[in-house]
Amino acid sequence: MPSRIAPLAVTAYTATSALGRGRSAHVDALRARRGGLRANDFTRVPLACAIGRVAGIEDVVLPDALADHASRNNRLAWLGLGADGFLDAARAAIERHGADRVALIVGTSTASIDATERGYRELDGGRFPEHLRRPHLHTPHALGLFLEAALGTRGPCLTVATACSSSAKVFAKAERLLRLGIADAAIVAGVDTLCDSVLFGFNALELVAPEPCRPFDAARRGLSLGEAAGFALLERAGAGDAPRLLGYGESSDAYHMSTPHPDGAGARLALSDALARAGLTPGDVDYLNLHGTATVKNDEVEATLVADVFPPTTRASSTKGWTGHALGAAGILEAAIALLAIEHAFVPGTLNSEVPDPRCGPQLALANEARAIRVAASHSFGFGGNNCTLIFGDGRVH
Amino acid sequence: MDDLVVHVEGIGWWSPGLPDWPSAAAALRAGAVPDAAGAPPPASVLAPNERRRAPEPVRLACEVAAQACAMAERDAAALPCVFASAQGDVGTTDAMCAALAAAPRDLSPTLFHNSVHNAAAGYWTVATQCRSASTAISAGRGSFAAGLLEAAVETHAEARPVLLAVYDVAVRGVLADVLDGAAAFGAALVLNGERGPHACASLRLRHEAGAAAADDALPAALRPLAASNPSAAALPLFVALARAEPARVRLPAGRDASLAIELLA
């Protein structure tokens, strides 16, 4: 069992998703129960499903110095980076600590594969068109390279690509770097965009719902895909009342590449490690943002886990009915939602779901609830059986 | 900045014609590597049905990871693991993107699930029944350095030995026009923040501003190997490990940064 850690301050954070750009857009949509899913108008070949598409990505113009990083994913990263004054906060932190002392840890599963896919669609004599012959776009690290150039950090920089847990794990890596004194601040990010690979890939696995996803509903038919960008600035906790990262847990299912362990063995281990690092028990968790993809298997396993582990006072919901599953960006998007739940004292419910799966316990919140939240957790489970659970606390009390 | 000292307990290696660390160490000491390709990595840690299904980078990563665990006499099930690769599974990317350009609705589900960057970590944790944290990272030509720092930080922060595996395969098909990578290369280390009975080398690590020098510290005969694969940016460290003498190397670690590594006496 891991030892308790000193909390880190989340001194700035932001999210952009199908709900809009920035924190206010998310709070407003969650409070008004206004979902961001719409009929798929993204793929050239028709695919009947709902998607969480971010408006305006196509119109984003990157600054000249970054123009050769142009891809849908990097455009969304740039759009998200400017929201809520995050870019200014990040630059101020780099100025304050020195560029060498600021780590940049990003999570993505798609990287800029949208640009790679385009290259294959537009082959000219068996070659990519000239504007796509850019090695820094066709790599899993494309997002890290773009943000490193955009921000000018010179501390450790890496991309975590563990499918749907990617941008949850960035918080764990940042905490360790700060704890060991390798860095004094960390900019963590998660950006994933809609692309043919994920839409037709999940379709091939028969996991895409024909209608907007209904997490934990007894009649759920699969997930809806979305896209998102999220950013957070982590520093050692001082006297301020910024929210805190209290704990994290990482684990592997050791079971199957694309099916969760039937008893949620890895997910339970990630949760118990996160609680141990935070020095908390399940009853201390006021709100739990579930992975809740609305696939038959994920929700079955996760519903049983929640019913087994938490008291009814822990309120649990999946917000994927609002945003869709943002894959590699889901971890940080839902971390942001957990932080907003703390800041604005409310539990977002589970949009689109009406009749809970009988495995669900009384913890599942379908409707929104007004409630003081001192501790909020978030589940992220990915392909390859890769799990990460995060726990955040209200900086005014922790 | 605090320096990190880690102890190496196990080393794995696979490159064309050098299927394990003992043969590689001898070649690196001699300053000559074979031209022969030799047999592909056996990856016998994978069950036969998984081995058939696993793409080439997964077999490469699992081979070197298993070698390092065996040398360290560590049960892989108990080791958190970090898998680092600059380019991931370029063969699967090529096949998937070609399929998507032709007939997206016919994409193979296996191709898609193999396309995730953590495929190697996934197959490895299933094969070894490892429930510990597993991570897949990428950092361009700094992927080895980023993985080494991440694994070193993890062993100190969690007080457990950690497995690092780094790998990249040869780039074929359309992407060969865009990405570098003439040959496959994989290497692995079992690292421990505590000095145990199996420690065979000790490394002091420091992340520093300023780019690493080119590979000019390498013997000329080894430079083609270093240039053949982004993961082989690690080569100067492995030459030092093979010589088992105190040495200092600097590896690329980001846009304008490097990882300074001192092999301690």
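In which sense do E6(B) and strand E8 (residues 257-263) of chain B pair, and over how many bridges? The tour comes to that pair after a look at the model as a whole.

This is a predicted model, in which local features need pLDDT of at least 70 and side-chain atom pairs count only at pLDDT 80 or more, while totals for chains, interfaces and linings use all residues. Residues are numbered from 1 along each chain as its sequence is written, and chains are lettered from A and ligands numbered from 1 in the order in which they are written. The predictor gives the complex an ipTM of 0.98 and a pTM of 0.98.

Select chain B to begin. Its mean pLDDT (the predictor's confidence in each residue, from 0 to 100) is 95, and 98% of its residues reach 70 or more. Chain B holds nine helices and eight strands, where helices (H or I, at least four residues) and strands (E, at least two) are DSSP runs numbered from the N terminus. Its radius of gyration, taken over C-alpha atoms, is 18 Å, close to the 18 Å that the globule rule (2.2 Å times the number of residues to the power 0.38) gives for 265 residues, so chain B is as compact as a globular protein of that length. Along the principal axes, the C-alpha atoms of chain B fill a box of roughly 55 × 40 × 35 Å.

Next, select strand E6 (residues 201-209) of chain B, which is joined to strand E1 (residues 4-14) of chain B by five bridges, the two running antiparallel. Strands count as paired if DSSP finds at least two bridges between them. To follow one bridge, pick Val5(B), whose partner in E6(B) is Arg204(B). E6(B) also pairs with E8(B), in the antiparallel sense over seven bridges, and here Leu205(B) has Ile261(B) in E8(B) as its bridge partner.

Now move to chain A and select helix H8 (residues 265-278), whose 14 residues reach 20 Å from first C-alpha to last, close to the 20 Å expected at 1.5 Å a residue (the expected span being 1.5 Å times one less than the number of residues). Of these 14 residues, 12 are buried, a residue being buried if 20 or more other C-beta atoms, placed from the backbone, lie within 10 Å of its own, exposed if 12 or fewer, and partly exposed in between. Among the buried ones are Arg268(A), Asp273(A) and Arg277(A).
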